[in-house]
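Morning, everyone. Let me put the model on the screen, and then we'll go through the numbers.

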Amino acid sequence: MKKNGILSKLYIILIMIFLYAPIAVLIFYSFNDGKTTVWKGFSLRWYSELFNDSSIMSSLWNTLIIAFLAAFFATILGTAAAIGISNFKGRKRLIIQNVSNIPIISPDIVMGVSLMLLFSTLGVMFNFEMGFVTVLIAHICFCVPFVVLNVMPRITRMDRSIYDVALDLGCTQWQAFYKVIIHELMPGIVSGALISFTYSLDDFIITYFTRGSKFQNLSIEIYSMTHRRISPKINALSALLFLAVLIVMVIINIRDRREEKLAKQKS
């Protein structure tokens, strides 16, 4: 038993090293004072230059705005869609759920090209160019299914008679919906919003095909830098992006654990 325990721990350690060693190296060299992989001493030079780079800061601002707006609208649409899907029964519900999952399993390049063709056609018809708005719509499109996926389990576990009880106790339909339904679904809604924010922050392929010629976010900015000598500022930028995504994932895991504890206490 002890040998099996040691082997399992060793296996987990090796997997963690395999997964996170490249990221650890990247973060390590983000504090290197030199421009190459030769260590020149500890320094925050590249972080300072990163925040003084107007092009990168503009791209960061665009990325954050898109991520926040995409998560906001996707959360509203996804929650409404999940509630609507839950009202169907049998085969219809199963079909609609499977259709809503298609953007999740579909390759990003398929979504990117299809949305590009759609926006290009609409641009010719209504005389507009792809840019901020088209990128935002594209991000909302692929974020909505993740919200639905997080909210649906909460709906299936919810006692629907609570809504009727709230009406009997004097709540209006809106009050019962907000104070009962939304309250019960809130953990799934928050998880869906955080995942949407993370995926929007991290997206490159769909953004690349729907951004047009003027809009620039962080992923596009980093990609454009690969065509010339890559600045060490990219190491600092990548380290900060990893930290941001890590914080979001930790928040999601903490919420999930709290849910599990509350569920055990209620049972």
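Residues 24 or more positions apart make up 71% of the contacts with a separation of 6 or more in the protein. Contact here means heavy atoms within 4.5 Å. Keep in mind that this is a predicted model: local features need pLDDT of at least 70, side-chain atom pairs count only at pLDDT 80 or more, and totals for chains, interfaces and linings use all residues. Numbering runs from 1 along each chain as its sequence is written, and side-chain values use heavy atoms, leaving out hydrogens and water.

Now the fold. The protein has 12 helices and 0 strands. Those are DSSP runs, numbered from the N terminus: helices are H or I with at least four residues, strands are E with at least two. The C-alpha trace spans about 70 × 70 × 35 Å along its principal axes.

Next, burial. The protein has 267 residues, and 34% of them count as buried, meaning under 20% relative accessible area with a 1.4 Å probe, protein chains only.

Charges. There are 25 positive and 15 negative side chains, with the centres of the two sets 7 Å apart. Lys and Arg count as positive, Asp and Glu as negative; His and the chain ends are not counted.

Last, where does the largest share of the lining of the largest pocket come from? From α12, with 9 residues.

That's my tour. Over to you.

Definitions and conventions:
Buried < 20%, exposed > 50% of the residue type's maximum accessible area, 1.4 Å probe, protein only. Charge placed at Lys NZ, Arg CZ, Asp CG, Glu CD.
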